[in-house]
Amino acid sequence: MNKNINLEKNLTSLELGYQAKGFVAFLSKDSSLNRVIKDFRCGYTRASSFFKKEISKVKLTLVYSREEMDSLIGYKTASWFVGYAGFSNEIFILSPSVFDKESNHSKRDFRKVLCHEICHLFIRQIHHSYEPVWLEEGLAYWVAGQKSRLRNSNPIFNNPKAIFLIDTRIRWNKTISSQPDVPYALAFLLVDFLIKRYSKDSIVKLLMSLEGRYSKKKFCQKFRKLYGKDIKLIMEEFFSIQNIKQEGGEKYVFRT
Ligand SMILES: [Zn+2]
């Protein structure tokens, strides 16, 4: 795996927020750089105001081909895969100059995808784990304003225990492989519900209260302490307001 792909690239430094700096690595001939910088700052500001914190030294690397992305990740990536947030405050994302050519996304998705990845960095600094996955992905979707991709989703599980089919990395991946859109849709809808029904502060507090390795039992206890109700009751409430048909094969109606 070649991790040194940026050696020949330029690196530009930029102010992101109070005492926060960002760096963008790019090809000097990339004409989309100004747009990237604008979107980078905008995504950072959005995440920073939601999570009420600053993070420093974000390094954004623009990737110029599917091959380069595969080499960074270490396996053949799917055509929807356009970026990811690494563990050292790094983000790798396809440059807008190749975004639609090297993926099945439209160029317009770039700004929101970038904000989504920036959110992962913020979340990771608050909670040093990636589980429960639904909370992390749902929050990144919510803050980035990524709603359109979920319209044709078809959640198959409409029972209060569904949340425990998308909590660990292993279970999330297993569900993704059988129902690709379902985990993201459900994660987003759950986070949206918790924010609208309760508050943004509660969900950030929940994230802050999670420490150490994820365990279903510990998570449920913390959830109950913060929301004053058993998570199963909240899930029942959530599913009761969704227009999910009980019978298999029916289309889920997304409500905006
Ligand atoms: Zn994500």
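How many bridges join E4 to E5, and in which sense do these strands run? Three bridges connect E4 with E5, and the two strands run antiparallel. The model is a predicted one, in which local features need pLDDT of at least 70 and side-chain atom pairs count only at pLDDT 80 or more, whereas totals for chains, interfaces and linings use all residues. Residue numbers start from 1 along each chain as its sequence is written. The secondary structure comes to nine helices and five strands, where helices (H or I, at least four residues) and strands (E, at least two) are DSSP runs numbered from the N terminus. Along the sequence, the chain follows the pattern β-β-α-β-α-β-β-α-α-α-α-α-α-α.

**The sheet**

- The five strands form an open sheet in the order E1-E2-E3-E5-E4, with mixed pairing, two strands being counted as paired if DSSP finds at least two bridges between them.
- Strand E1 (10-17) and strand E4 (83-85) stand at the edges with a single partner strand each, so one side of each has no neighbour in the sheet.
- From one strand to the next the twist averages 20°, with axes taken as lines fitted to C-alpha atoms (for helices over the stretch in contact) and angles running from 0 to 180 degrees between N-to-C directions.
- Helix H3 (residues 110-126) packs on this sheet, where it touches strand E3 (58-63), E4 and strand E5 (90-94), and its direction makes about 15° with that of E4.

**Strand pairs and hairpins**

- E1 pairs with strand E2 (residues 20-26) in the antiparallel sense over seven bridges; in this pair threonine 12 stands opposite valine 24, and asparagine 10 stands opposite phenylalanine 26.
- The hairpin of E1 and E2 has two residues between the strands, and glutamine 19 takes a positive phi near 55° there.
- E3 and E5 pair in the parallel sense over five bridges, with threonine 61 opposite phenylalanine 92 in E5.
- E4 and E5 form a hairpin with four residues between them, in whose turn asparagine 89 has a positive phi of about 60°, while alanine 85 has isoleucine 91 of E5 as its bridge partner.

- E5 is mostly covered, since four of its five residues are buried.

**Helix packing**

- Helix H7 (residues 200-209) and helix H8 (residues 216-227) pack at an angle of about 145°, with their axes 10 Å apart.
- Ser202, Lys205, Leu206 and Ser209 of H7 make the contact with Lys222, Phe223, Leu226 and Tyr227 of H8, contact requiring C-beta atoms, placed from the backbone, to lie within 7 Å.

Definitions and conventions:
Contact = placed C-beta atoms within 7 Å. Buried ≥ 20, exposed ≤ 12 C-beta atoms within 10 Å, placed from the backbone.
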